[in-house]
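Let's take a friendly walk through one protein model. Keep the sequence and the 3D view open side by side, and look up each residue as it comes along.

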Amino acid sequence: MIAPHAPVTDYATVQQQANALLGEERFGEAEALLRAALASGSGPIQLWKQLVFAVRPQGKIAESRQILEMIVSMVPGDMGARFDLSEILLLQGEFARGWREYRFRYKMAHTTMIGRHVQTPRWEGQPIAGKTLLIHDEQGYGDTFQFLRMVAWARERSGARVILEVNADSYALARRCAGYDGIIPFGTIPPAFDFHCELMSLPLAMGLQLHDLPGSTGYLSADPARVDKWRARLASLPRPLVGLVWAGRPAHANDARRSMRLSDLAPLAQDGITFVSLQKGPAAQQSATPPAGMALLSLSDEIRDFEDTAAILTLLDVLVSVDSSPVHLAGALGCPAWVMLPFLPDWRWLLERDDTPWYPSVRLFRQQARGEWGPVLQAVSAALGKLREDAR
């Protein structure tokens, strides 16, 4: 008797159905569909990548890494997979390999044009005494605030004359950090340089490990004149003063999971605490209708730039924020901040800890299940209650 042929899987249909489920964030259903199609252990790479997109948001980090390791070994030129793997490695604290894979961030089709294309070689961490090294920032404001700490380390390691180029919005703050010989805002033609390095490529060049952190703390500082201005502005407010930021940049890929509405922060309202809104962007309009019982002063329209934000942060008792640039600014200033993190956080916050090696002054409050902010807000509310009692 001839055995019947095993049914042929219609991979194209599976991929289409999985895309629809992933788009609706029905991750469990997408996982079940893909596991059935890949049960033999083989199948198109695209389906394996979809399986990562299905299991990773469910917190299955180890399995996501295992699949990505397989994809990268089979298709070394898949830059998207390499970048996704880098983020998981960094999230797990495996910095050595994580930084190596992270260098592929500008090799993907949609990021190729974003990278800085220069003729000089990238600095790889070697001594280059007598040469000029251009260090240029990249990506978001939070990334700039986080990695400015490494400029001084790079100058010491390289022995080079360091020119620092930063975005215009961070320029004034960066001028007061250490480690450069010259600083220019983005858009300015730099002086001649022999080597260059992106700010977020410094960890790879210098072999940054977890035990090297935090290094220097309070490596940024507020403008004294701005501090005086805001001290006078806030002088009449009852303490403790608690800053609030409830939404990040809307264009961020993970913004829907990391951001909230001001109304969601209703559990934080309690007598004896003055809340101060530092929120910028479209979400700032929500300050007009704070939750019942929340004494909220909105400074959103008065904050002109990061210099104002930095000055205000030095005067607060604590900043309570979602994962956004003010958190990194607070940490770089050495100011206290409490960060409310989604179930699958950005790689820099690592896993299963309520502190961060990057910033000793920052405390983490994590979702324990996807999309569930309730327990996070309850924990922050309890911490605020203790802060209020300690202030009496």
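## A charge over a ring

Start at Trp347: the charged end of Arg348 sits over its ring, 4.5 Å from the centre. Here, a charge sits over a ring if NZ of Lys or CZ of Arg is within 6 Å of the ring centre and within 35 degrees of the ring normal. Another such arrangement involves Arg363, whose charged end lies over the ring of Trp338 at 5.6 Å from its centre.

A word on the source: this is a predicted model, in which local features need pLDDT of at least 70 and side-chain atom pairs count only at pLDDT 80 or more, while totals for chains, interfaces and linings use all residues. Residues are numbered from 1 along each chain as its sequence is written, and side-chain values use heavy atoms, with hydrogens and water left out.

## Rings that meet

Trp347 also takes part in ring pairing. Rings of Phe, Tyr and Trp (its six-membered ring) pair if their centres lie within 6.5 Å; planes under 30 degrees apart count as stacked, over 60 as edge-to-face and the rest as tilted. The count comes to 11 aromatic pairs. One of them joins Trp99 and Trp347, edge-to-face, at 5.7 Å centre to centre and with 90 degrees between the planes. Trp99 belongs to helix 6 (residues 95-102) and Trp347 to the loop between strand 9 (337-341) and strand 10 (362-366), so this pair ties together parts that are 248 residues apart in sequence. Helices (H or I, at least four residues) and strands (E, at least two) are DSSP runs, numbered from the N terminus.

Are these two residues buried or exposed? Both Trp99 and Trp347 are buried (buried means under 20% relative accessible area, exposed over 50%, partly exposed in between, with a 1.4 Å probe and protein chains only).

## Two helices side by side

Helix 6 has a partner. Its axis and that of helix 5 (residues 79-91) come within 8 Å and cross at roughly 155 degrees. Axes are lines fitted to C-alpha atoms, for helices over the stretch in contact, and angles run from 0 to 180 degrees between N-to-C directions. Helix 5 and helix 6 are therefore roughly antiparallel to each other (angles under 35 degrees count as roughly parallel, over 145 as roughly antiparallel, 65 to 115 as roughly perpendicular and the rest as oblique).

## The loop between strands 9 and 10

Return to the loop between strand 9 and strand 10, where Glu352 is found. Glu352 has a positive phi near 55 degrees, although it is a residue other than glycine. At 80% relative accessibility, Glu352 counts as exposed. Asp355 is found in the loop between strand 9 and strand 10 too, and it is partly exposed, with a relative accessible area of 36%.

## Cysteines and cis bonds

How many disulfides does the structure hold? It holds 0, a disulfide being a pair of cysteine sulfur atoms within 2.5 Å. For Cys177, the nearest cysteine sulfur is that of Cys197, 15 Å away. Cys177 is buried at 8% relative accessibility, and Cys197 is buried at 0%.

Finally, look at two prolines. A cis peptide bond joins Leu213 and Pro214, with omega about 5 degrees, and Pro214 sits in the loop between helix 10 (202-206) and helix 11 (224-234). The peptide bond from Arg239 to Pro240 is cis as well, with omega near 5 degrees; Pro240 is in the loop between helix 11 and strand 5 (241-245).
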